[in-house]
Amino acid sequence: MKKKHVKKALLLSGMLALVVFLSACGATGEVSANSTGIWDRYIVWNFARAIRALSFGNAGIGIILFTLIVRIILMPLMHFQTKSMRKTQELQPKIKALQAEYSAKDMETQQKLKEETQKLYAEHNVNPYAGCLPLLVQMPILMALWQAIQRVPELSQGHFLWLNLGEKDPYLILPILAAVFTFASTYLSSMSQVESNASLKIMNFAMPLMILMMGLGLASGLSLYWVVSNAFQVVQTLLINNPFKIRKEREEARRQEKARERALERAMNPNKKKRKK
């Protein structure tokens, strides 16, 4: 199962890298109101229009405000992801029990394990793949944003602070910040796990490293999007899915459960305490 978690983490990282790579290697012509095609005319161009409308004279401000609006729109989806992940985490002890029960490697036993695991998920209304949904939704946004920054002259020639938004950050400040906030976001999410998860451990380091490496060579406007988006995610996690609060609640629940067990034991063995005296 650990290998499966590793493959899942690498797949998610690879998908994000592939999308950005395809964006960079895709169409390079200028996009304007006269462009044709659904992607260029209705998606990339409208992304650029939205950023321009929010710019107040500076494209960098437009990217920041556009990113915040996107994150706010995605909040219900992120909340759904959080709830789904917590349900999945709570089931981990039962899933491990099933894995121990059906530990044989023959095809029949493994098929039975798969069926029982799916049954367990269905009984608790859990979709183990729901956590991937926000990432899949953000992929076309990343692609369209990158192409808007690169292919719309008003954005590709825009400036913000020390940045030329269509070129890479000369001081590497944004790629580093993007990697830091990405790490903070994934690490906070992993802290709320019931048990250690190999895929999350990999994601904690693979995602920030990948963001850093891509940020070193891509337009600083995209790095700006990553910085704002992941900083927003950190704040959202602390407010909605605070791992410190979750850990405290679980510890309190464990204490209460132990207290109930001790009370039940004393009730079933009323003379035990007297004998000890």
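Is Phe 56 buried or exposed? At 67% relative accessibility, Phe 56 counts as exposed, where exposed means over 50% relative accessible area, buried means under 20% and partly exposed lies in between, with a 1.4 Å probe and protein chains only. The model is predicted: local features need pLDDT of at least 70, side-chain atom pairs count only at pLDDT 80 or more, and totals for chains, interfaces and linings use all residues. Residues are numbered from 1 along each chain as its sequence is written, and side-chain values use heavy atoms, with hydrogens and water left out.

**Overall make-up**

- The protein chain has 12 helices and two strands; these are DSSP runs numbered from the N terminus, with helices (H or I) of at least four residues and strands (E) of at least two.
- Read from the N terminus, the order of elements is α-α-α-α-α-α-α-β-β-α-α-α-α-α.
- Of the 277 residues in the protein chain, 41% are buried.
- Counting contacts (heavy atoms within 4.5 Å) between residues at least 6 apart in sequence, 74% join residues at least 24 apart.

- Leu 224 touches Gly 60, Ile 63, Ile 64, Phe 160, Leu 165 and Leu 174, leaving aside residues up to four places away in sequence.
- Helix α10 covers residues 220-240, which is 21 residues, and reaches 30 Å from its first C-alpha to its last. That is close to the 30 Å expected at 1.5 Å a residue, the expected span being 1.5 Å times one less than the number of residues.
- Because 16 of its 21 residues are buried, α10 is largely enclosed by the rest of the structure.

**Thr 186 in helix α8**

- Thr 186 is found in helix α8 and is buried, with a relative accessible area of 16%.
- Its side chain reaches the backbone oxygen of Phe 183 at 3.1 Å.
- Thr 186 also touches Met 203 and Asn 204, not counting residues up to four places away in sequence.

**Annotated spans**

- An unreviewed UniProt entry places the feature "transmembrane region" at residues 53-77, 169-188 and 209-228; such annotations may be inferred rather than shown by experiment, feature names are shortened, and positions follow the numbering used here.
- Residues 169-188 are 80% helix and 0% strand, with end C-alpha atoms 27 Å apart.
- Residues 209-228 are 90% helix and 0% strand, and their end C-alpha atoms lie 17 Å apart.

**Positive phi in loops**

- Phe 56, in the loop between α2 and α3, has a positive phi of about 50 degrees although it is not a glycine.
- Leu 172 sits in the loop between β2 (163-164) and α8; its phi is near 65 degrees, a positive value in a residue other than glycine.
- Leu 172 is partly exposed, with a relative accessible area of 34%.

Terms used:
A polar contact is a pair of N or O atoms within 3.5 Å; within protein, one must be able to donate a hydrogen and the other to accept it, and residues adjacent in sequence count only if both atoms are side-chain atoms.
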